[in-house]
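I opened this notebook to record what I looked up in one structure, starting with its open space and going on to its strands and charged pairs.

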Amino acid sequence: MSPERTARMSQIADMAHVRLSHLSRIAARLEGRGWIRRRPDPEDGRATLAVLTDDGWDKVVATAPGHVEEVRRLVFDNLSAAQVRQLQQIGHRVMEAVQPGRCPRLPPGTADGN
């Protein structure tokens, strides 16, 4: 979801909570499948950018519905409505801490949405 489907490998590693060396091994496999390509960052030659290819984007689009169904099955189907609301509130607080001002407001009637 990054502009031009491009992100620094170090940022991806941070988001995924993996070491850069581990991400590099994963990236090599994705590159082998034609889903990403890596290139030097033109703004900082020490950094490497990962670019999602058109084939990679097609894979994301094809995989998304099954991923959503699996998350729903594993997470939400095992929670009560009250627990889902709590999870929403927790997620909102975490996102607001990570990206202040960029997190959408909770709907009215939720604990933080008045």
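Predicted model: local features only at pLDDT ≥ 70, side-chain atom pairs only at ≥ 80, totals over all residues.

**Largest pocket.** Residues are numbered from 1 along each chain as its sequence is written, and side-chain values use heavy atoms, with hydrogens and water left out.

The space in this pocket comes to about 550 Å³, taken as the volume filled by probe spheres set on the grid points, which are joined across faces, edges and corners. I then asked which element gives the most to the lining of the largest pocket. It is α3, with five residues, and at least two residues each come from β1, α1 (9-16), α2, β3 and α3 (54-74). Helices (H or I, at least four residues) and strands (E, at least two) are DSSP runs numbered from the N terminus. By class I recorded 16 nonpolar, four polar and two charged residues in the lining, with Ala, Val, Leu, Ile, Met, Phe, Trp, Tyr, Cys and Pro counted as nonpolar, Asp, Glu, Lys and Arg as charged, and the others, Gly among them, as polar.

**Sheet.** I traced an open sheet of three strands in the order β1-β3-β2, with antiparallel pairing, where two strands pair if DSSP finds at least two bridges between them. The edge strands, β1 (6-8) and β2 (36-41), each pair on one side only. Three bridges join β1 to β3 (residues 44-52); I noted Thr6 opposite Val51 and Ala7 opposite Ala50. Between β2 and β3 I found six bridges, with Arg39 partnered by Leu49, and a hairpin of two residues that joins these strands.

**Salt bridges.** The structure holds six salt bridges, each a side-chain nitrogen of Lys or Arg within 4 Å of a carboxyl oxygen of Asp or Glu. In one of them, the side chains of Asp41 and Arg8 meet at 2.8 Å, N to O. Asp41 lies in strand β2 and Arg8 in strand β1, so this pair ties together parts that are 33 residues apart in sequence.

**After α2.** My last entry is Gly34, which takes a positive phi of about 80 degrees just after α2.

Definitions and conventions
1 Å grid on protein atoms, 1.4 Å probe; cavity = no way out; pocket = protein on both sides within 12 Å on 5 of 7 lines; lining within 4 Å.
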